[in-house]
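Have the sequence and the model open as you read.

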Amino acid sequence: MANQLSRLDQVFAALADPTRRAIVMRLCAGEASVGELADPFDMALPSFMKHIHVLETSGLVLSEKSGRVRTCRLSPDALVGAEDWFQQQRAIWEARLDRFEAYVMKLKKERAAAKRPSRTTRKKGAE
């Protein structure tokens with residue numbers, strides 16, 4: 001369990017950076033060399049490689065070196081833990097919102113009942 005949380009923390013930390021999110025989005029279209037991935041960014045290659053390393057450590061990206069070219073590809077399996085976490089959180093919040101909605105409806109009914117004059121009140125006023 002602790003290892004799963006650690007992996008989840010690594011995935012969220014990797015995705016917290018806009019440069020790394022852009023890399024992941026680019027890799028959704030298919031594998032690419034580090035040079036192709038780095039091209040749109042105005043940073044030195046060693047700095048860019050730190051981003052690749054973070055993505056690899058989190059398990060989001062796999063890379064393979066062939067000669068002088070390092071090719072990266074997305075590893076969507078790393079997102080399974082994040083997806084599970086989101087589903088659990090969604091279930092928790094949906095249950096909370098359902099309880100809140102039921103409470104609000106109960107309050108509305110109570111207020112509506114309090115505003116309606118009772119039968120005994122109407123009879124006294126009619127005499």
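Predicted model: local features only at pLDDT ≥ 70, side-chain atom pairs only at ≥ 80, totals over all residues.

Residues are numbered from 1 along each chain as its sequence is written, and side-chain values use heavy atoms, with hydrogens and water left out.

Let's start with the helices. Helix α2 (residues 18-28) packs on helix α4 (residues 45-58) at an angle of about 70 degrees, and their axes are 10 Å apart. That makes α2 roughly perpendicular to α4 (the label for angles of 65 to 115 degrees). The crossing of α2 past α4 is right-handed. On the α2 side, Thr 19, Arg 20, Ile 23 and Val 24 meet Phe 48, His 51, Ile 52, Val 54 and Leu 55 of α4 (contact means heavy atoms within 4.5 Å). By class, that contact between α2 and α4 has 6 nonpolar, 2 polar and 1 charged residues.

Now the strands (DSSP runs of E, at least two residues; helices are H or I runs of at least four). Two strands count as paired if DSSP finds at least two bridges between them. Strand β3 takes part in both pairings below.

| Pairing | Sense | Bridges | A bridge partner in β3 |
|---|---|---|---|
| β1 (residues 32-33) with β3 (residues 69-74) | antiparallel | 2 bridges | Ser 33 with Thr 71 |
| β2 (residues 61-66) with β3 | antiparallel | 6 bridges | Glu 64 with Thr 71 |

So which residue in β3 is the bridge partner of Ser 33? It's Thr 71, and Thr 71 is also the bridge partner of Glu 64. The hairpin of β2 and β3 has 2 residues between the strands, and Gly 67 there takes a positive phi near 70 degrees.

Two residues get a closer look. Beyond its neighbours within four places in sequence, Val 69 touches Ser 33 and Glu 64. Its C-alpha atom is 9.9 Å from that of Ala 32, 37 residues apart along the chain.

Ser 58 sits in helix α4 and is buried, with a relative accessible area of 1%. Leaving out neighbours within four places in sequence, Ser 58 is in contact with Arg 7, Gln 10, Val 11, Ala 14 and Ala 78.

Note on methods
Axes fitted to C-alpha atoms, helices over the stretch in contact; angles between N-to-C directions. Parallel < 35°, antiparallel > 145°, perpendicular 65-115°, else oblique. Left-handed = near helix turned anticlockwise from the far one by under 90°. Nonpolar A, V, L, I, M, F, W, Y, C, P; charged D, E, K, R; others polar. Buried < 20%, exposed > 50% of the residue type's maximum accessible area, 1.4 Å probe, protein only.
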